[in-house]
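Hi,

My notes follow below it.

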Amino acid sequence: MSQYFLGNAYHAPKQGEIEFLRKTLIEVDGQGNIQSLMDENHANYQSSIDTAEQEGTLTILQAGQYLLPGLIDLHIHAPQFPQLGKALHLPLEDWLQQCTFPLEARYQDEAFAANVYQKLVSTLLANGTTTGLYFATLHLEASTILAKTCLELGQRAFVGKLNMDNKAECPEFYCEENAEVSLETTIEFINRVKTMLGNDHQLVQPVITPRFIPSCSDQVLEGLGEIAEQTDCHIQTHCSESDWEHNYVIDRHGKTDSHSLNDFGLLTRHTILAHSNFISEDDCDVIQEKGAGIAHCPLSNYYFSNAVFPLRRALDRQMHVGLGTDISGGPSASIIENCRHAVHASRLREEGTNPALEQSQRGLAGSRIDFMEAFWCATRGGAIALDIPAGSFEVGHKFDAFIMDINAPNSNITAYDNYDDEMDILQKIISGAGRQNVMKTWVDGKLVYEQ
Ligand SMILES: [Zn+2]
């Protein structure tokens, strides 16, 4: 049976363009697909509202409430959730060795994993994140628990068991036995997720996940390329994130991450590259030629990348690009917060930061993006990168959405009649919304969170 949603909505079906859907009636079929959109001028508008009201299938938005497409987080390290908001004062090497690897190693304990993953996925749904692309750990069981948790809580998810078999770069306590074990457990994980009870519609999908080139042997990278070809699974990894990592790959393979991944068969239409701060025009060409996507993680860039991804350039080239929280390299679980940081980061690139320099020397002209482009990245841009029919309110798309209420208790957003127009209100939402403004979240047409 269909259900109906009546109210104001925003979406960004095209990069850089926002559509305000005034008092729109959205029909969602029993499979969670958007069946129709009607505005007030549609011949069946009122009769459809009347029928839905009689049948008890109508959700009416209140004044100050807006329906937004669900947010898409393209880069989450699920096991790092307990570390969110701490250890950010450390340099990357210490952060990894002293904090992150020991924490990730704890997921051998399944009860620990189940507890953290329950909290993480609930938190993301409460922030309006309807699709998550996750790095789990190298543990088969704990990675399976993450996939199950996403399915049980109803989040659209792409989950990867990590590959880390290169003993020269992985700590002894957190490294796979050998390449064979790494590849065998990957195949087992893919089969488990695909055949998981209740996952008939593949709401949760397995992802091939070499942590990054340094953590994997060439044998594993080669094997993963073959698995990708056989299974058509998504692929995720880190790409040219920091000076160290970027140069490590050049030293080891004589080429950049993008070219190396491509040669291993790991750069496809279904690949998401986290960060990619140091990619050249030539790297962009190969990434774009293969149709791979990039997860821009502005908050994490501030702390661990020694640079900020040039998002403007990627958007101008029409690359596939979305946003990621990079929990816990970035200290926020909210994609809305990362939207505003994507804007801030681009403004800092453009204006520069060092007042000791002449104004003309300080920044990089033409680097800025605006809130509308950030919103597109957070929604439709992420969906295009993942190649899923979501991220905007269009017939045939999945109904993944949430209610943003600017009048929610403790809201930091204020709007004024005859002063703020629709675009002002959306800019205020991107600039000031928090978890308190997210009232209800739906994935695949199912209510999965309610305040
Ligand atoms: Zn990461």
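What covers the buried residues of α15? The cover includes β1 (3-14), β2 (17-28), α12 (335-351), α14 and β15 (401-405).

First, the ground rules. This is a predicted model: local features need pLDDT of at least 70, side-chain atom pairs count only at pLDDT 80 or more, and totals for chains, interfaces and linings use all residues. Residues are numbered from 1 along each chain as its sequence is written. Helices (H or I, at least four residues) and strands (E, at least two) are DSSP runs, numbered from the N terminus.

Back to helix α15 (residues 422-432). Its buried residues include Ile 425, Leu 426, Ile 429 and Ile 430. Buried means 20 or more other C-beta atoms within 10 Å of a residue's own; exposed means 12 or fewer; partly exposed is in between; C-beta atoms are placed from the backbone. These four span an arc of only 135 degrees around the axis, so they sit on the same side of α15. The arc is taken from the directions from the helix axis to the C-beta atoms.

Now the backbone. Ile 327 and Ser 328 are joined by a cis peptide bond, with omega about 0 degrees. Ser 328 is in the loop between β14 (320-323) and α12.

Two asparagines have positive phi. Asn 306 has about 60 degrees and lies in the loop between α10 (298-304) and α11 (311-316). With 14 C-beta neighbours inside 10 Å, Asn 306 is partly exposed. Asn 410 has phi near 65 degrees and lies in the loop between β15 and α15. Asn 410 is exposed, with 8 other C-beta atoms within 10 Å.

Best wishes

Definitions and conventions. Two residues are in contact if their C-beta atoms, placed from the backbone, lie within 7 Å.
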